[in-house]
Amino acid sequence: MSAEVQAHLFEPFFTTKPTGQGTGLGLATCYGIVQQNEGRITVESEVGRGSTFRIFLPRLAAAAEAAAVAEAAPAMPRGTETILLVEDEPALLELGALVLRDLGYTVLTAGDGEAALQTARGHAGAIHVVVTDVVMPKRSGKQLADILQRDHPGLKVLFMSGYTQDAVSHHGVLDPGVNFLQKPFATAALARAVRAVLDE
């Protein structure tokens, strides 16, 4: 990579790919995850030679790890409402649906915004909340939410993203102050966020 590209490498929504072929969130998400865990990420690159990324994370002391494992986990909040879960990463979609179903919810799933619209329109009952990734192929989470809330006034929405809420709001992807859950998240955080949105 050139020095100019490297200077913007970890900025959200920066991409060298043609329009429609990249979101510019991949390396920004990696950077955010590493920073959240008190680590750092470096890159060495030469045009025509390739790039090397190095990630440095702090070592966890055995005593701290044992204490964390020993700490009793609080019970996760449960519910019986219907959730439309929209995520373009199949493994995350499957895991999220499994967790929410185990907590008593009815979960409808979709792998992108367009499929989510079809699922919602084909569902005969009520949908109480849409839990959606922000950046997806075919239709963004924001576009999906706008359409569904127009069709179903009062429908609640929880957005998810690998980058911070400030970053996606600053770039005009989300309005400030929306319900937001930053990836990666623990299953308990998902359960609490969904319940909080439903109880608003």
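# Salt bridges and a sheet

User: Which residue's side chain meets that of E81 in a salt bridge?
Analyst: Happy to start there, and keep in mind that this model is predicted. A salt bridge here needs a side-chain nitrogen of Lys or Arg within 4 Å of a carboxyl oxygen of Asp or Glu. The N to O distance in this pair is 2.9 Å, and the partner of E81 is R195.

User: How many residues apart are E81 and R195?
Analyst: E81 lies in the loop between α3 (62–70) and β3. R195 belongs to helix α8 (residues 187–198). The pair therefore links distant parts of the chain, and the separation is 114 residues.

User: Is R195 buried or exposed?
Analyst: Buried means under 20% relative accessible area. E81 is at 18%, so E81 falls under that cut-off. R195 has a relative accessible area of 14%, so R195 is also buried.

User: Which helix holds D151 in its pair with R121?
Analyst: The side chains of D151 and R121 meet in a salt bridge of 3.6 Å, N to O. This pair links distant parts of the chain, 30 residues apart. R121 is in helix α5 (residues 113–122), while D151 is in helix α6.

User: Is R121 buried or exposed?
Analyst: Exposed means over 50% relative accessible area, and partly exposed lies between that and the buried range. D151, at 35%, counts as partly exposed. R121 has a relative accessible area of 54%, so R121 is exposed.

User: What separates D146 and K142 along helix α6?
Analyst: Their side chains meet in a salt bridge (2.9 Å, N to O). The two residues are four residues apart in the helix, so the separation is about one helical turn.

User: Which residues do salt bridges with shared partners join into one network?
Analyst: By the 4 Å rule, the model has eleven salt bridges. Some of them share partners, and these join three residues into one network: E81, R195 and D199.

User: Which strands are at the edges of the five-strand sheet?
Analyst: The open sheet runs in the order β4-β3-β5-β6-β7, with parallel pairing. An edge strand pairs on one side only, and that applies to β4 (106–110) and β7 (180–182).

User: By how many degrees are neighbouring strands of this sheet turned against each other on average?
Analyst: Here the direction of the strands is ignored. With that in mind, the average turn is 20°.

User: Which residue in β5 stands opposite V86?
Analyst: Strand β3 (residues 82–86) pairs with strand β5 (residues 129–133) in the parallel sense over four bridges. Across from V86, the residue in β5 is T132.

Key. Residues numbered from 1 in each chain as written. Predicted model: local features only at pLDDT ≥ 70, side-chain atom pairs only at ≥ 80, totals over all residues. Heavy atoms only, no water. Pairing = 2+ DSSP bridges. Axes fitted to C-alpha atoms, helices over the stretch in contact; angles between N-to-C directions. Buried < 20%, exposed > 50% of the residue type's maximum accessible area, 1.4 Å probe, protein only.
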